[in-house]
Amino acid sequence: HAITHVSYIAYPGVQRDTYIEDNFLSATVSHTVDAHPCAESMYIYNNEITHAYANKYLINNGARHCEVKGNYLHDGFGARKRQDSKQDAYIISGNTFENVEDCADSTGRGSFESFEFTNNICTDCPGTMVIVKNADSFRVSGNTYRGAKGADAISAAGSPDGIVEDNSFA
């Protein structure tokens, strides 16, 4: 990992709020940014995030509340919800994704109270723009998806309340 948010027995306690801002982040072996389910909140703003081999997630989020805003994410898998955790909110807004497999992926494990994927630009992404599963409510709006390579643009399941509006697909 370039950054991981975790609690170890040797270092008890968990940071409440973690801010990751204005960095160039790259990883080679595992996910670039990884928050374990013990994380309370994580704010990822204005970074360039990549993976050397483009075969891991750029953001693997287990925090209860996570905001991913204003980042340039490229060459890897996108931002996903980590495993079986219950999350309050996952907000992915105002980012640029380039050559990213599945820009946002909720994995279908665990659940969300709220999931937002808004005002993002996805270019030359071989997978799905956004996969949202098991969210109490979700919103996918104002996104631009260019250069899709055959996958569904939006996949939603198991969510009783959702809004999909004002997206552009080319």
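# Exercises on a predicted model

Tyr 19, Tyr 43 and Tyr 45 make up one aromatic cluster. The model behind these exercises is predicted.

**Exercise 1.** Classify the ring pair Tyr 43 and Tyr 45 as stacked, tilted or edge-to-face, and state whether the two residues are buried or exposed.

Solution. 
- Step 1. Ring centres must lie within 6.5 Å to pair. The centres of Tyr 43 and Tyr 45 are 6.1 Å apart.
- Step 2. Planes under 30 degrees apart count as stacked and those over 60 as edge-to-face, with the rest tilted. The planes of Tyr 43 and Tyr 45 stand at 55 degrees, so this pair is tilted.
- Step 3. Buried means under 20% relative accessible area. Tyr 43 has 14% and therefore counts as buried. Tyr 45 has 18%, so Tyr 45 is buried too.

**Exercise 2.** Work out the strand order of the open sheet, and say which strands are at its edges.

Solution. 
- Step 1. Seven strands, paired in parallel, follow the order E2-E5-E8-E10-E12-E15-E18.
- Step 2. Strand E2 (17-21) and strand E18 (161-165) each pair on one side only, which makes them the edge strands.
- Step 3. From one strand to the next, the twist averages 5 degrees.
- Step 4. Inside the sheet, E12 (residues 111-118) and E15 (residues 135-141) run parallel and are joined by six bridges. Ser 114 is opposite Ser 137 of E15.

**Exercise 3.** Locate Gly 158, and decide whether it is buried or exposed.

Solution. 
- Step 1. Gly 158 lies in the loop that links strand E17 (154-157) to E18.
- Step 2. Exposed means over 50% relative accessible area. Gly 158 has 57%, so Gly 158 counts as exposed.
- Step 3. Leaving aside residues up to four places away in sequence, Gly 158 touches Asn 134 and Ala 135.
- Step 4. Ile 20 is 138 residues from Gly 158 along the chain, and the C-alpha atoms of the two are separated by 31 Å.

Definitions and conventions: Residues are numbered from 1 along each chain as its sequence is written. This is a predicted model: local features need pLDDT of at least 70, side-chain atom pairs count only at pLDDT 80 or more; totals for chains, interfaces and linings use all residues. Side-chain values use heavy atoms; hydrogens and water are left out. Two strands pair if DSSP finds at least two bridges between them. Helices (H or I, at least four residues) and strands (E, at least two) are DSSP runs, numbered from the N terminus. Axes are lines fitted to C-alpha atoms, for helices over the stretch in contact, and angles run from 0 to 180 degrees between N-to-C directions. Rings of Phe, Tyr and Trp (its six-membered ring) pair if their centres lie within 6.5 Å; planes under 30 degrees apart count as stacked, over 60 as edge-to-face and the rest as tilted. Buried means under 20% relative accessible area, exposed over 50%, partly exposed in between (1.4 Å probe, protein chains only). Contact means heavy atoms within 4.5 Å.
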